[in-house]
Amino acid sequence: MLTEIAPRCHQTVLEGLYALSMPTPFPVGDVFAYLARGSDASPLTLIDCGVRTDEARAALEAGLAACGVTFRDIERVVITHHHTDHIGFAAQIAAESGAEVWAHRLCVPWLEQPEPTRRAFDAYLQPIFREGGVPEDAIKGIERVSAYLGSFVQSVRVARTLDEGDQLQLLGKTWRVYHTKGHAGDLLCLYQPETRILLSSDHLLRDISSNPLIEPPEAPDQPRPQRLLDYLAELQRIAQLDIRIAYPGHGAPVTDVPQLVASRLAMHAGRAERLRALCAEQPRTLYQLVGELFPRLRQPEMFLALSEVLGHLDLLLHEGKIAAERHDGVAFWRAA
Ligand SMILES: [Zn+2]
């Protein structure tokens with residue numbers, strides 16, 4: 001039974017751009033969708049659409065209603081990346097309104113064929129975890145979390161793909177698409193140069209760091225993407241933009257982007273150094289390093305933690321600071 005939910009809709013610094021907050025059942029807390037409802041001819045657009053729960057739908061509908069909009073009015077849904085808390089109502093909105101769904105090329109399989117894509121993703125992770133010394137029960141736990149996340153997702157067709165350098169008309173203005181892979185390989189930010197507004201999705205969050213997640217390569221014969229290295233490069237690229245305010249996928253807007261980027265870069269450098277020091281004490285597996293870094297980890301966070309540490313091992317290896325010894329198919333990392 002749903003209790004009444006106060007509409008959570010607030011106007012951003014740009015006329016016609018609204019931040020709509022929705023709850024999620026995940027530790028990250030609430031997630032934003034952004035509604036662009038201009039007086040011009042550009043289509044009524046929702047950027048991201050929460051996680052598909054009854055509570056989120058009620059919050060989204062209440063937020064839209066406060067802006068004078070229903071699901072049936074939405075003409076376009078732009079998805080910033082494929083994570084469960086950003087794609088939730090894409091299928092329902094498309095079905096109810098005929099809205100087009102736009103997303104990055106790498107997001108298409110997650111939207112159009114979510115279940116086979118998720119299963120292939122799970123299968124891809126297995127050898128990485130085994131090489132990382134992750135116990136079988138922890139691997140099973142990660143699969144259960146993946147299935148749980150998959151249970152929220154419904155298939156929807158992508159009408160158009162967006163990529164680096166593309167332009168999007170919103171609110172009578174031209175927005176430039178930045179493909180900022182890292183947190184996810186398909187992550188898009190939207191930047192409006194005259195108003196200097198960035199819709200930063202999960203690329204740049206003020207209150208929590210964006211965790212680059214392990215992902216398969218685009219084609220099976222390619223190496224595993226090094227998402228932390230991607231992320232650090234894309235953070236520095238975004239810091240070069242002249243941004244007045246960045247509206248993220250979660251939490252408060254960011255008003256000092258260069259300072260936040262500098263603090264994130266320092267945090268990652270510090271974490272890499274901590275891991276290097278642990279590898280200098282004695283050779284350790286990926287799983288052992290996760291235990292050292294996150295001793296109070298809860299099981300649903302295991303995949304995030306493994307991704308975080310593996311990303312930093314990629315970075316240390318790239319810098320020539322660590323090397324691996326393999327015993328019975330398990331990699332032990334030591335300082336080089
Ligand atoms: Zn995300």
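Which helices each supply at least two residues of the lining of the second largest pocket? In this predicted model, they are helix H3 (108-112) and H4. H4 provides the largest share of that lining, four residues. The second largest pocket has a volume of about 490 Å³. Its lining counts 21 residues. Leu106, Pro216, Pro217, Glu218 and Arg227 lie nearest the centre of this pocket. By class, the lining of the second largest pocket holds 10 nonpolar, five polar and six charged residues.

The largest pocket has a volume of about 1,300 Å³. It is lined by 44 residues. Nearest its centre lie Leu149, Asn211, Leu213, Pro300 and Leu304. H4, H5, H7 and H9 each contribute at least two residues to the lining of the largest pocket.

Four cavities of 30 Å³ or more are found in the whole structure. The largest cavity contains about 70 Å³ of space. Its lining consists of 13 residues, and Ile214, Arg224, Arg227, Gly311 and Asp314 are the ones nearest its centre. H6 and H9 are the elements that give two or more residues to this lining. H9 gives the most, with four residues. The lining of the largest cavity divides into six nonpolar, three polar and four charged residues.

Leaving out residues up to four places away in sequence, Arg227 touches Lys181, Gly182, Ala184, Gly185, Pro212, Leu213 and Glu215. Of these contacts, Leu213 is one of the residues nearest the centre of the largest pocket.

The nonpolar interior was examined next. In soluble globular proteins, nonpolar side chains tend to be buried together. Here the largest nonpolar core has 52 residues. Phe129, Leu198, Ile243, Val257, Phe303, Leu306 and Val309 touch the most other members. Helix H4 (114-131), helix H5 (136-150), strand E10 (188-192), helix H6 (227-239), helix H7 (257-281), helix H8 (286-293), helix H9 (302-318) and strand E14 (330-335) each supply at least two residues of this core. H9 gives the most to the core, with nine residues. Val257 is in contact with Leu204, Ile238, Ala239, Ile243 and Ala246, its neighbours within four places in sequence being left aside. Another core lies apart from the largest one. This other core has 34 residues, including Ile87, Ile93, Val108 and Val156.

H5 has 15 residues, which should span 21 Å at 1.5 Å a residue. The C-alpha atoms at its ends are 21 Å apart, in agreement with that value. The buried residues of H5 are Ala138, Ile139, Gly141, Ile142, Ser146 and Gly150. They pack against H4, H8 and H9.

Several loop residues were also considered. Gly88 is found in the loop between strand E5 (76-78) and helix H2 (90-97). At 4% relative accessibility, Gly88 counts as buried. Gly88 and Cys49 are 39 residues apart along the chain, yet their C-alpha atoms are separated by 5.5 Å. Not counting residues up to four places away in sequence, Gly88 touches Cys49, Gly50, Val51 and Arg52.

Arg196 has phi near 55 degrees, a positive value in a residue other than glycine. Arg196 sits in the loop between E10 and strand E11 (197-201). With a relative accessible area of 29%, Arg196 is partly exposed. Positive phi also occurs at Asp328, a residue other than glycine, with a value near 50 degrees. Asp328 has its place in the loop between strand E13 (322-327) and E14. Its relative accessible area is 83%, and Asp328 is therefore exposed.

How values were computed. Residues are numbered from 1 along each chain as its sequence is written. This is a predicted model: local features need pLDDT of at least 70, side-chain atom pairs count only at pLDDT 80 or more; totals for chains, interfaces and linings use all residues. Side-chain values use heavy atoms; hydrogens and water are left out. A nonpolar core is a set of buried Ala, Val, Leu, Ile, Met, Phe, Trp, Tyr and Cys residues joined through side-chain atoms within 4.5 Å. Buried means under 20% relative accessible area, exposed over 50%, partly exposed in between (1.4 Å probe, protein chains only). Contact means heavy atoms within 4.5 Å. The expected span of a helix is 1.5 Å times one less than its number of residues. On a 1 Å grid over the protein atoms alone, a cavity is a set of points where a 1.4 Å probe fits but cannot get out, and a pocket is an open set with protein on both sides within 12 Å along at least five of seven lines; lining residues have an atom within 4 Å of a point. Grid points are joined across faces, edges and corners, and a volume is the space filled by probe spheres set on the points. Ala, Val, Leu, Ile, Met, Phe, Trp, Tyr, Cys and Pro count as nonpolar, Asp, Glu, Lys and Arg as charged, and the others, Gly among them, as polar.
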